[in-house]
Amino acid sequence: MEAAFQKFAGRVGSFHVQWKPFFLNEKLTDEGMPIASYIEQRYGAQAAQATKTKSGHLHQTAAKLGIEFNSDRYVSNTLRSHCLLDFAATVSEAKQNELAEALFQGHFSEANKLSNVDFLLKTAEKVGLDCEAAKQHIEDKTVQQKVKTEYTQSVQQHGVTGVPFFIINTNTNQGSPYAFSGAQPPETFCNVFERLLSNSASL
């Protein structure tokens, strides 16, 4: 997506990104389970093998962008990580983006658990967030319920069933947004941006 942003930098005033919560499995514990075991339970042995050998579509798409997935990572409860992203958004859009990138790196490449509070707070500190305020935010029951409600609304309004999932619109909100799922190459985003620009010009 960022590669597509760069290609359209001269044609679009600015891009705004908001990260919204999604739970792969709300029943996952903080302890979690190995990603390969989780994939095998959900999708079968062949999918689990693709995860171990990094031969699946998601791994290959990520590799083309210079991102390496660690097959030893665990999947675990992600509620607090979403609450942390919610906290970062109260600071700025840029800070939320910076935090999201740091969490992705720490989890997908370095195999840190997204349920691990120490990892979350160290990542918050790394990107310049107030750790004490962040800790209070992620443990706040009201914030946790807000995040759960946002997740439910996304499922109901947009039919989100997995991640990554993208909802793209212009700042004028004219017409229906483009919504699609799955790891996508930059060309997919470029095509969507072209359509949105064309639709805006015809209004």
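This is a predicted model: local features need pLDDT of at least 70, side-chain atom pairs count only at pLDDT 80 or more; totals for chains, interfaces and linings use all residues.
At 25% relative accessibility, Cys-131 counts as partly exposed. Keep that cysteine in mind.

What about a partner for Cys-131? The closest cysteine sulfur belongs to Cys-83, and the gap is 16 Å, too far for a bond. A reminder for anyone new to this. A disulfide is a covalent bond between the sulfur atoms of two cysteines. The cut-off here for such a pair is 2.5 Å. So at 16 Å, the sulfurs of Cys-131 and Cys-83 are too far apart to bond. How many disulfides does a search of the whole structure find? The count is 0. Cys-83 is in none, and its nearest cysteine sulfur is that of Cys-131. Is Cys-83 buried or exposed? Cys-83 has 0% relative accessibility, so it counts as buried. Cys-131, again, is partly exposed.

Now step back to the whole chain. There are 10 helices and 4 strands in the protein chain. What is their order from the N terminus? It goes α-β-α-α-α-β-α-α-α-α-α-β-β-α. The radius of gyration is 18 Å, close to the 17 Å that the globule rule gives for 203 residues, so the chain is as compact as a globular protein of that length. Along its principal axes, the C-alpha trace spans about 50 × 45 × 30 Å.

How much of the chain is buried? Buried residues make up 37% of the 203. The accessible surface comes to about 12,100 Å². Carbon and sulfur atoms account for 49% of that surface. Next, charge. The chain carries 19 positive and 21 negative side chains. The centres of those two sets lie 5 Å apart.

On to contacts. Take those between residues at least 6 apart in sequence. Of these, 62% join residues at least 24 apart.

The two ends of the numbering give us examples. Met-1 sits in the segment before helix H1, which covers 2–7. Which residues does Met-1 contact, leaving aside neighbours within four places in sequence? They are Phe-166 and Phe-189. Met-1 and Pro-186 are 185 residues apart in sequence, yet their C-alpha atoms are 5.6 Å apart. With a relative accessible area of 28%, Met-1 is partly exposed.

A second pair goes the same way. Glu-187 belongs to helix H10, residues 186–201. Glu-187 and Ala-3 are 184 residues apart in sequence, but 9.1 Å apart from C-alpha to C-alpha. Glu-187 is partly exposed too, at 45% relative accessible area.

Now a contrast. Pro-177 and Leu-121 are 56 residues apart in sequence. In space, their C-alpha atoms are 34 Å apart. Where is Pro-177? Look in the loop between E3 and strand E4, which runs 178–181. Not counting residues up to four places away, Pro-177 touches Ile-167, Ile-168 and Asn-169. Its relative accessible area is 37%, so Pro-177 is partly exposed.

Another proline deserves a look. Pro-164 lies in the loop between helix H9 (141–158) and strand E3 (165–168). Which kind of peptide bond joins Val-163 and Pro-164? A cis one, with omega at about 0°.

Lys-54 has phi near 60°, a positive value in a residue other than glycine. You will find Lys-54 in the loop between helix H3 (45–53) and helix H4 (57–64). Lys-54 is partly exposed, at 32% relative accessibility. Ala-111 has phi near 65°, also positive and also in a residue other than glycine. Ala-111 sits in the loop between helix H6 (93–109) and helix H7 (117–126). At 24% relative accessibility, Ala-111 counts as partly exposed.

Last stop, Thr-78. Thr-78 is in the loop between strand E2 (74–75) and helix H5 (79–91). Is Thr-78 buried or exposed? Its relative accessible area is 16%, and buried means under 20%. So Thr-78 is buried. What does Thr-78 contact beyond its neighbours within four places in sequence? The partners are Phe-22, Phe-23 and Leu-114.

Key:
Residues are numbered from 1 along each chain as its sequence is written. Side-chain values use heavy atoms; hydrogens and water are left out. Helices (H or I, at least four residues) and strands (E, at least two) are DSSP runs, numbered from the N terminus. The radius of gyration is taken over C-alpha atoms; the globule rule is 2.2 Å times the number of residues to the power 0.38. Buried means under 20% relative accessible area, exposed over 50%, partly exposed in between (1.4 Å probe, protein chains only). Contact means heavy atoms within 4.5 Å. Accessible areas come from the Shrake-Rupley method with a 1.4 Å probe; for residues, only the protein chains shown count as cover. Lys and Arg count as positive and Asp and Glu as negative; His and the chain ends are not counted. The place of a charge is taken as NZ of Lys, CZ of Arg, CG of Asp or CD of Glu.
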